[in-house]
Amino acid sequence: MGVCTASRLADAGLDTLCVTRHPPCSYTSAVSTECYRDFWPSREMADLMARSIDLMEATAQGGIGLTRRGYAYCARQPETLAKAVAECESLGNVRHHATLASYEPAPAGVLDAVDALPAGFDVLHGAAAREAFPALADDIVGVVHARRAGWVDSGRYAAEIVRRAKAAGVTFVAGRVDGVECEGGAVAGVRVDGRPVATST
């Protein structure tokens, strides 16, 4: 988050210093689960993630191992499927399928033509669900295929973000912020390992 924020600030024309206790993107970023999705039970979270996915897709051309095969949420009970479908309907762009005639399977491989891939949700009912996903048990009554979801190589993604940040002019400093200096109600600087670093913004 820090490197992404620093990169965006630098893109906006600000002279940006990124202070990090560890090498950039090497702490929790290096051990993430590498998955993403825009299917959330609230509009606010879905919108927040949609914006994040926009930024990831824009970065994908740098070679970050982004895929978009989607997530398949399977239901054994009609009421479970109905609840998931209701959440999809609240987010919009839902397609229902009793057969696979109009269903577009997920593409294999790394993301390429983003605009050509489906977004939203495909709801596969009954036999259509099991035909699309043959490994499913016979008692699955339906599947919600959330399309704007997948995986990213977090190591490559982090390296690309760091590269872009440096190219935008971000300066990285190893250390710990141990104080914030304020003047007149505004931030005037920080202390990094006891050393003052002034800022005009």
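Helices H2 and H5 are roughly perpendicular to each other (angles of 65 to 115 degrees; under 35 counts as roughly parallel, over 145 as roughly antiparallel, and the rest as oblique). The model is predicted, with local features requiring pLDDT of at least 70 and side-chain atom pairs counted only at pLDDT 80 or more, while totals for chains, interfaces and linings use all residues. Residues are numbered from 1 along each chain as its sequence is written, and side-chain values use heavy atoms, with hydrogens and water left out. Helices (H or I, at least four residues) and strands (E, at least two) are DSSP runs numbered from the N terminus.

**Helix packing**

- Two packed helices are described by the angle between their axes and the distance between the axes.
- The axes of H2 (residues 43-59) and H5 (residues 154-167) cross at roughly 80° and come within 11 Å; axes are lines fitted to C-alpha atoms, for helices over the stretch in contact, and angles run from 0 to 180 degrees between N-to-C directions.
- From H2, Met56, Ala58 and Thr59 meet Tyr157, Glu160, Ile161 and Arg164 of H5, where contact means heavy atoms within 4.5 Å.
- The residues of this H2 contact with H5 comprise four nonpolar, one polar and two charged (Ala, Val, Leu, Ile, Met, Phe, Trp, Tyr, Cys and Pro count as nonpolar, Asp, Glu, Lys and Arg as charged, and the others, Gly among them, as polar).

**Four-stranded sheet**

- Four strands make up an open sheet in the order E3-E6-E5-E4, and the pairing is mixed; two strands pair if DSSP finds at least two bridges between them.
- Strands E3 (71-75) and E4 (94-97) are at the edges with a single partner strand each, so one side of each is left without a neighbour in the sheet.
- On average, neighbouring strands of this sheet are turned by 20° against each other, direction ignored.
- Five bridges join E5 (residues 121-125) and E6 (residues 142-146) in the antiparallel sense.
- Opposite His125 stands Gly142 in E6.
- Helix H3 (residues 78-91) lies across E3, E4, E5 and E6 and runs at about 30° to E6.

**Three-stranded sheet**

- A second topic is the open sheet of three strands, ordered E9-E10-E11 with antiparallel pairing.
- Its edge strands are E9 (177-183) and E11, each of which pairs on one side only.
- The twist from one strand to the next averages 30°.
- E9 and E10 pair over six antiparallel bridges, and Val177 has Val192 in E10 as its bridge partner.
- The hairpin of E9 and E10 has two residues between the strands, and Gly184 in the turn has a positive phi of about 60°.
- E10 and E11 pair over four antiparallel bridges; Val190 is partnered by Val197 in E11, and Val192 stands opposite Arg195 in E11.
- Two residues also lie between the strands in the hairpin of E10 and E11, where Asp193 takes a positive phi near 50°.

**Largest pocket**

- The largest pocket holds about 1,400 Å³ of space. On a 1 Å grid over the protein atoms alone, a pocket is an open set of points with protein on both sides within 12 Å along at least five of seven lines, whereas a cavity is a set where a 1.4 Å probe fits but cannot get out; lining residues have an atom within 4 Å of a point. Grid points are joined across faces, edges and corners, and a volume is the space filled by probe spheres set on the points.
- Its lining has 42 residues, with Met1, Gly2, Cys4, Ser29 and Tyr157 nearest the centre.
- Two or more lining residues come from each of H1 (2-11), E1 (17-20), E2 (35-37), H2 and H5, and H2 gives the most, with eight residues.
- The lining divides into 23 nonpolar, 13 polar and six charged residues.

**Second largest pocket**

- The volume of the second largest pocket is about 570 Å³.
- It is lined by 18 residues, and the closest to its centre are Asp15, Thr16, Leu17, Thr199 and Thr201.
- H1, E1, E10 (186-192) and E11 (195-198) each supply at least two lining residues, and the largest share, four residues, comes from H1.
- Ten residues of this lining are nonpolar, seven polar and one charged.
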